[in-house]
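Biologist: Please take a close look at one pair of packed helices. Then set that pair in the context of the rest of the chain.

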Amino acid sequence: GTEEYWNLLGFLSRGEEAVRCYTAALEIRPHYAWACFMRGNARTDAGDLKGALDDYTAAIQIYPKLVDALLNRGVLYGDGGLMERAIDDLNEVLVLSPKNADALFNRGNAWKRKQDYDRAIADYGAALELNPKMVEALANRGNCKVRKGDLEGGRVDLDAAIEMDPTYPEAYASRAIVRQAKKDLNGAIDDLKKALQVAPPS
């Protein structure tokens, strides 16, 4: 139908133009869960995070098993500091999709923000079992180990993350903490310089 035309046009568009297309689809078919979800993605890209949350919530109300909407809402909750809501959504994702590495990684991020490093480390490890190339999980697990005082364990993970992706700045920044703690000040400075060198421009 016509709503599918607007849905496809939204998929081919970006930002505010995509939002307008998905809105047109929803005016024709108000209970179109996928269009709600995709408009949420477009609003996220456009920086309208409140609008995105509203759209993901609407999509979930229409179709409670829409894993991607639960995942994205959980990520936004986490980024907004609402850790319990984030964990609830990500738990639900993992009920519906137990081998979802992205859900495990993002739940790990929520635990990390709550300073529950043991649970964060467990989730990052589970994510890595499913996706061994997930450098973000490896670096974050290393960072959590360092925060717990396991400098050697953290160093192993951070070295591996840097070997996997030499352009990942967070791994260098975390390894600098390890080097500073071990009185290797020159090494710490080198890692901080490297982190700044490879960091994307703001």
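Modeller: Start with the contact itself. In α9, Val 135, Leu 138, Ala 139, Arg 141, Gly 142, Asn 143, Lys 145 and Val 146 meet a set of residues in α10: Leu 151, Gly 153, Gly 154, Asp 157, Leu 158, Ala 160, Ala 161 and Met 164. This is a predicted model. Helix α9 covers residues 135–148, and helix α10 covers residues 151–164. Their axes lie 7 Å apart, and the packing angle is about 160°. That angle is over 145 degrees, so α9 and α10 are roughly antiparallel to each other. The crossing of α9 past α10 is left-handed.

Gly 187, Ala 188, Asp 191, Ala 195 and Val 198 are its buried residues. They sit on the same side of α12, because they cover an arc of only 105° around the axis. Helix α11 (169–181) is included in what covers them. The face turned away from that buried side carries exposed residues: Leu 185, Asn 186, Lys 193, Leu 196 and Gln 197.

Last, the whole chain. The secondary structure comes to 12 helices and zero strands. The chain has 202 residues, and 48% of them count as buried. Along its principal axes, the C-alpha trace spans about 65 × 35 × 25 Å. Take the contacts between residues at least 6 apart in sequence: 42% of these join residues at least 24 apart.

Terms used
Residues are numbered from 1 along each chain as its sequence is written. This is a predicted model: local features need pLDDT of at least 70, side-chain atom pairs count only at pLDDT 80 or more; totals for chains, interfaces and linings use all residues. Side-chain values use heavy atoms; hydrogens and water are left out. Buried means under 20% relative accessible area, exposed over 50%, partly exposed in between (1.4 Å probe, protein chains only). Helices (H or I, at least four residues) and strands (E, at least two) are DSSP runs, numbered from the N terminus. The arc is that of the directions from the helix axis to the C-beta atoms. Contact means heavy atoms within 4.5 Å. Axes are lines fitted to C-alpha atoms, for helices over the stretch in contact, and angles run from 0 to 180 degrees between N-to-C directions. Angles under 35 degrees count as roughly parallel, over 145 as roughly antiparallel, 65 to 115 as roughly perpendicular and the rest as oblique. A crossing is left-handed if the near helix is turned anticlockwise from the far one by less than a right angle, and right-handed if clockwise.
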